[in-house]
Amino acid sequence: MSLPDEFHDIAKRVNNWGRWGAGDEIGTLNLITDEVVHGAAAAVRTGRRVPLALALREDGVQTGMIPGRVNPLHAMVQINQEIFGPGTVACSDDVVTMGLQAATHWDALTHVSHSGKLYNGRPAHTVTAHGGAEFSGIDKARHIVSRGVLLDVARARGVDRLDGGHAVTPEDLEAAEEFAGTRVRAGDIVLVRTGQVQVYLAGDKHGYGYPSPGLSVRTPEWFHARDVAAVANDTLTFEIFPPEMENLWLPVHALDLVEMGMLQGQNWNLEELSTACGEEGRYAFLLSAMPEPFVGATGTPVAPVAVL
């Protein structure tokens, strides 16, 4: 089934191919300039630090719906072993097997393709079984530090959590922006809170994944107009699931990652941040969300920290 004309119309309006040159591999991260980071440092007033990652655990968010995307499997490979001989310092070591997008993560620009293409017009077949992503692997996103802005859509709508059928619209984003008392600007990383992660934290990971609120297919144009560098939220699927348009699966992924070249993150725990921002009376902060530099990977775990 081919993608509908409505999708292709939006794709044309948000397309960034060639904007930073034919060889570009990082897309909208180009918007995070030295000047943007310098300005972001001004958002730090108290030094209050808020972690945004879910715990990496064997009974994590993955349910088996996506084949191969396994929760972390942790094992000890040595325990108090005196590897240099009796009486020497003893060491304990671990090993982990996991899906790189198993928990709190960034999607690389190569995470999805459509119509045989990746970001900047590169062929989808440049992602291979043995080499991973030849272009735009997550290792190319060498540093992700900028001003973060929490758009607390749930609180702006007067609820603690959006219902599972709610598609977050540009109007919702603007209402949350007004609620926050700050305007999203070029180079910002936007965090969209729906409250959905509460379902997982309460122990219902199946209910967390489905049905889920999430971003509408209309939101990429809003992010494009604001020159947002990256977007993350507190859901499993990022966009509304099931989709708002029948049989149009993951259109927001395709528009953000492929057309716009904008990283997106999922499974971010924004609950403590929502409380902190409410207590501080401000919703902008310095955000450090450094990717693990797995060469050729199409995603990576991340342990983001907001500094207020």
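The largest cavity has a volume of about 50 Å³. This is a predicted model, where local features need pLDDT of at least 70, side-chain atom pairs count only at pLDDT 80 or more, and totals for chains, interfaces and linings use all residues. Residues are numbered from 1 along each chain as its sequence is written, and side-chain values use heavy atoms, with hydrogens and water left out.

Rolling a probe the size of a water molecule over the atoms shows where empty space is left. A cavity here is a set of points, on a 1 Å grid over the protein atoms alone, where a 1.4 Å probe fits but cannot get out. Points are joined across faces, edges and corners, and volume is the space filled by probe spheres set on them. The whole structure holds three cavities of 30 Å³ or more. Lining residues have an atom within 4 Å of a point. For the largest cavity they include Glu25, Ile26, Leu29, Lys140 and Leu263. The lining divides into seven nonpolar, two polar and two charged residues (Ala, Val, Leu, Ile, Met, Phe, Trp, Tyr, Cys and Pro are nonpolar; Asp, Glu, Lys and Arg are charged; the others, Gly among them, are polar).

Now the sheet. Strands (E, at least two residues) and helices (H or I, at least four) are DSSP runs, numbered from the N terminus. Two strands pair if DSSP finds at least two bridges between them. Nine strands form an open sheet in the order β1-β15-β13-β7-β9-β11-β12-β4-β14, with mixed pairing. β1 (49–51) and β14 (299–301) are the edge strands, each pairing on one side only. The twist averages 25° from one strand to the next (axes are lines fitted to C-alpha atoms, for helices over the stretch in contact; angles run from 0 to 180 degrees between N-to-C directions). β7 (145–152) and β13 (284–288) pair in the antiparallel sense over five bridges. Glycine 148 has phenylalanine 285 of β13 as its bridge partner.

Which backbone features stand out? Most residues other than glycine have a negative phi, and most peptide bonds are trans. Phenylalanine 238 has a positive phi of about 75°. It lies in the loop between β11 and α8 and is buried (under 20% relative accessible area, 1.4 Å probe, protein chains only), at 0%. Proline 242 is found in the loop between β11 (230–233) and α8 (251–260). A cis peptide bond joins phenylalanine 241 to proline 242, with omega about 5°. Another cis bond joins tyrosine 210 and proline 211, with omega about -10°.

Note on methods: 1 Å grid on protein atoms, 1.4 Å probe; cavity = no way out; pocket = protein on both sides within 12 Å on 5 of 7 lines; lining within 4 Å. Buried < 20%, exposed > 50% of the residue type's maximum accessible area, 1.4 Å probe, protein only.
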